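Subject: Structure handover

Hello,

Please find the structure below, with the sequence alongside. My notes on what was found in it follow.

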Amino acid sequence: MEKKDKEFRSSHFARLPVKYLPPEDKYIFAPPNPKYKFNLIGTGMMGLEHLRVTYLEGRATIHGIYDPNPQSVAAAQGVLSQIDSNLKLKVYDDLESACMDPEVDGLIISTPNFSHISVIREAVKSKKHILLEKPMATTIPDAHEIYSIAKNYPAVFQIGLQYRYKAMYVDAIQEALNHRKLGDIKMIHILEHRIPFLDKVKQWNKFNQYSGGTLVEKCCHYFDLMNLFAQSRPKKVYATGSMAVNFRSFEYNGRKSDILDNAVVSVDYENGVRAGFTLCMFSPQFYEELMLCGDEGHLRTYESVDFLPGPKQKTSLEIKVGENSTSRISQPCYPTYIEQSGHSGATFFEHKYFIDTIEGSKSSVATAEEGFWSIVVGYAAQKSIELGGPIKINELLQEYSINL
Ligand SMILES: NC(=O)c1ccc[n+]([C@@H]2O[C@H](COP(=O)([O-])OP(=O)(O)OC[C@H]3O[C@@H](n4cnc5c(N)ncnc54)[C@H](O)[C@@H]3O)[C@@H](O)[C@H]2O)c1
């Protein structure tokens, strides 16, 4: 078969405001010619990231938005006018109109966690492509309902578990799973030290009821990665954790916050892989680390943002395989303009692969099934902390009459 030439393509050059060139002389600097229109449901912190990244990626536009908070609507309009003052957003009065607009090809849903289930029930009536933010739901029955809907959905149904597209994890997946450089993976350790949860509209992330709990809300990203590296289903989860420092005196509408700010979670997988996860959310930095050990080698990768001055390495990836093969130390990264667009560039690639999947390419985007299993681990960990003992996953699923 004849191989198609790959042309140089850069959203960076295509977005530079080059004024001196007549439009017909622009080739490298030619502005993107978007093919798809998406609507954005929820334009808070993450919705605005989706807005910016959609335009940076270049193959789609955001046609319209729906958000009941007027400040969020105004913020989205402000972000769009910074991208291009000629662009305008359609602002819908209700969710149904935003979902059903025949002009639009896809929906990006970035509303608070507890609302995903009701938004999805409406959104799927449109049969449009869907990118639903993580965690896909806050409870196991809701997550299972979404997983069941997605199984037979006639368009793309992608979950926003985009950490797998951080450069550090892309390289780790490539080396450990595709090249099998470590042999059979036996142990996985993931650690996150970071600053507390940020403010949100109506402070939904300070309450287990609205977020699903810290280990579902935030840590579903890490449990997704754990499940991916283990290549197996979780069998047993044991966790400890507490509210040690953050939000201990925080109240909203007379209600006290009840979220964890630290935890240690251990997961046994059906194939014998053992995994551990450590979370600390009262650290003056962002530090994320993954360690994998197989029967032929070891991999460690990290990402570090400590807000201190001076040149420092943001990421590192080490593979040490002793006498089995070559070892190496590297620095996984993307071009700066992509890394700066949000979540170290992971959201950019989430959009790229969302559109590639719409166009029929096979890609590694997170499925609703993977989203479901990330929630199962997070939910089991929350429950383990609550009850003070290990949670067997088959028993947990049986409680909800789920047989998988
Ligand atoms: N993938 C990631 O790395 C990542 C990072 C941050 C947040 N998120 C997820 O994105 C979602 C939004 O988080 P956020 O940080 O933007 O929160 P946010 O509070 O900043 O924004 C949420 C927005 O949704 C709006 N909203 C509430 N109910 C709505 C409804 N029914 N329909 C339409 N809009 C509604 C709110 O008014 C608000 O503007 C959450 O599910 C969160 O977990 C994902």
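Met243 has a relative accessibility of 22%, so it counts as partly exposed. The cut-off is what decides this, since buried means under 20% and exposed means over 50%. Please keep in mind that this is a predicted model.

Met243 sits in the loop that joins β8 (234-242) to β9 (251-252). Leaving aside residues up to four places away in sequence, Met243 is in contact with Arg248, Ser257, Asp258, Ile259, Asp261 and Asn262. Val156 is 87 residues from Met243 along the chain, and the C-alpha atoms of the two are separated by 38 Å.

**Two buried residues**

Ser72 belongs to helix α3, which covers residues 70-83. With 5% relative accessibility, Ser72 counts as buried. The side chain of Ser72 makes a polar contact with the side chain of Asn69, at 2.8 Å. If residues up to four places away in sequence are not counted, Ser72 touches Thr43, Gly44, Asp67 and Val201.

Ile319 is part of strand β15, residues 315-320. Is Ile319 buried or exposed? Its relative accessible area is 1%, so Ile319 is buried. Again without residues up to four places away in sequence, the residues that Ile319 touches are Glu175, Lys181, Leu182, His298, Leu299, Ser327 and Arg328. Ser330 lies eleven residues from Ile319 along the chain, with 8.8 Å between the two C-alpha atoms.

**Helix α10**

After α10 comes Gln231, whose phi is positive, near 55 degrees.

**Cysteines**

How many disulfides does the structure hold? The number is zero. Cys280 is in no disulfide, and the nearest cysteine sulfur, which belongs to Cys219, is 12 Å away. Cys280 is buried, at 11% relative accessibility. Cys293, on the other hand, has a relative accessible area of 32% and is partly exposed.

**A pocket and a cavity**

The second largest pocket has a volume of about 690 Å³. It is lined by 26 residues, and the closest to its centre are Ala14, Arg15, Leu16, Ile83 and Asp84. The elements that contribute two or more residues to this lining are α1 (11-14), α2 (45-57) and α3. The largest share, four residues, is from α2. By class, the lining of the second largest pocket has 15 nonpolar, six polar and five charged residues.

There is one cavity of 30 Å³ or more. The largest cavity has a volume of about 30 Å³. Which residues line the largest cavity? They are Ala167, Met168, Glu303, Lys314, Thr315, Pro332, Glu339 and Ser344. Of these, three are nonpolar, two polar and three charged.

**Backbone points to look at**

Ser344, named above in the cavity lining, has a positive phi near 55 degrees although it is not a glycine. Ser344 is in the loop between α11 (336-339) and α12 (346-358). Its relative accessible area is 11%, so Ser344 is buried.

Lys202 is also a residue other than glycine with a positive phi, about 65 degrees. The place of Lys202 is the loop between β7 (185-193) and α8 (208-211). At 63% relative accessibility, Lys202 counts as exposed.

Finally, there is a cis peptide bond from Lys134 to Pro135, with omega near -20 degrees. Pro135 lies in the loop between β5 (129-133) and α6 (140-151).

Regards

Terms used. Residues numbered from 1 in each chain as written. Predicted model: local features only at pLDDT ≥ 70, side-chain atom pairs only at ≥ 80, totals over all residues. Heavy atoms only, no water. Disulfide = S-S within 2.5 Å. Buried < 20%, exposed > 50% of the residue type's maximum accessible area, 1.4 Å probe, protein only. Polar contact = N/O pair within 3.5 Å; in protein donor to acceptor, adjacent residues only side chain to side chain. Contact = heavy atoms within 4.5 Å. 1 Å grid on protein atoms, 1.4 Å probe; cavity = no way out; pocket = protein on both sides within 12 Å on 5 of 7 lines; lining within 4 Å. Points joined across faces, edges and corners; volume = space filled by probe spheres on them. Nonpolar A, V, L, I, M, F, W, Y, C, P; charged D, E, K, R; others polar.
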